[in-house]
Amino acid sequence: MYGAIEAGGTKFVCAVSDEKFNIVKRVSFPTVYPLETLKSVFDFFDSYGDLKAIGIGSFGPIDINIKSPQYGYVTSTPKVDWRDFNFLGEMKAHYDMPIGWTTDVNAACLGEYELGSAIEDSSCIYLTIGTGIGGGAIFNGEFVEGFGHPEMGHILVKRHPDDDFSGWCPYHGDCLEGLAAGPSIEKRYGIKAQELEPGHRVWNYIAYYIAQGLVDYTLVLRPEKLILGGGVMKQSHILELIKREFITLLADYVKIPPIDEYIVTPSLGDNAGVIGGLILAKKKWEADR
Ligand code: ADP
Ligand code: ZN
């Protein structure tokens, strides 16, 4: 059996599966203090004696650099209780088995790459547009990372000429996340994103900003697929707006796959992260053998 943790800033999802990644049991609980949250994680996995490995996809930023003394830590997160928490270390202290460690978006990217909408591709990017914006990339089966993991949500974008919102990123103000993540909508209008009608002008702003991000990722990495997930993408009408803005902004400069195959939503839906975690567990188990 394999285990997975999708560690989000709001909630944790834990799951166990058989060898083929069929989920046998899945639980979810709120993210509270780190050790209290891990107690719930341990309570869940402890009851599965035949667990071989666990894959963790965590909110971040996290340290994924094996050479770093803080490898396995959650680092500069706005969630102060979790800052500098040795997540992987605490897991390893409790479980004597291979434990895979990556970002939440890398895990979702892996799920989609192996078993979802990028199953036919050898490269893809997964972007979540939710409480924050984050992206993960896989090229030829490997996560794209170096000194650290990508932070695709914090790139700088051009302002929509009609948008006067100052942005809410605590680091950059009007970076992509500051202008286009879910809370930016609430901060502009005082009501939740899900309560705004599809015809509202804010969706044009959001699509304009997300499309700029996708153009940048396209130009830097030239992936075969861009997969858009997260709560904001539940507004299914914005996918078409994003594609339209993307085509305008790219201006035919480089060749891309047919647009409807290039910019897509996750075919594993909300399960992408958990399934990716299970696959990561298997990969780690095989690597450590
Ligand atoms: P998280 O990023 O915390 O893991 P989500 O991906 O669900 O969680 O993103 C939450 C954000 O998505 C919130 O800002 C919320 O307002 C927004 N959101 C959730 N559902 C919708 C919806 N149907 N339409 C637009 N925005 C939504
Ligand atoms: Zn930022």
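Predicted model: local features only at pLDDT ≥ 70, side-chain atom pairs only at ≥ 80, totals over all residues.
I'll start with the helices. Helix α1 covers residues 34–45 and helix α2 covers residues 87–94. Their axes are 11 Å apart, and the two pack at an angle of about 40 degrees. That angle makes α1 oblique to α2. As for handedness, α1 and α2 cross in a right-handed sense.

Which residues make the contact between α1 and α2? From α1 there are L35, L38, V41 and F42, and they meet F87, E90, M91 and H94 of α2. Sorted by class, this contact has 6 nonpolar residues, 1 polar and 1 charged.

Next, the cysteines. A disulfide is a covalent bond between the sulfur atoms of two cysteines. How many disulfides does the count give here? The count is 0. Take C124: the cysteine sulfur closest to its own belongs to C109, at 3.7 Å, and that is too far for a bond, because the cut-off is 2.5 Å. C124 counts as buried, since its relative accessibility is 0%. C175 is also at 0% relative accessibility, so C175 counts as buried.

Last, S117. Where does S117 sit? The residue is in the loop that runs between α3, residues 104–115, and β6, residues 123–129. Setting aside neighbours within four places in sequence, S117 is in contact with E112, K225 and I227, and also with V264, T265, P266 and S267. For G229, the separation from S117 is 112 residues in sequence, while the C-alpha to C-alpha distance is 12 Å.

Technical notes
Residues numbered from 1 in each chain as written. Chains lettered and ligands numbered in written order. Heavy atoms only, no water. Axes fitted to C-alpha atoms, helices over the stretch in contact; angles between N-to-C directions. Helix = DSSP H or I, 4+ residues; strand = E, 2+ residues; numbered from the N terminus. Parallel < 35°, antiparallel > 145°, perpendicular 65-115°, else oblique. Left-handed = near helix turned anticlockwise from the far one by under 90°. Contact = heavy atoms within 4.5 Å. Nonpolar A, V, L, I, M, F, W, Y, C, P; charged D, E, K, R; others polar. Buried < 20%, exposed > 50% of the residue type's maximum accessible area, 1.4 Å probe, protein only.
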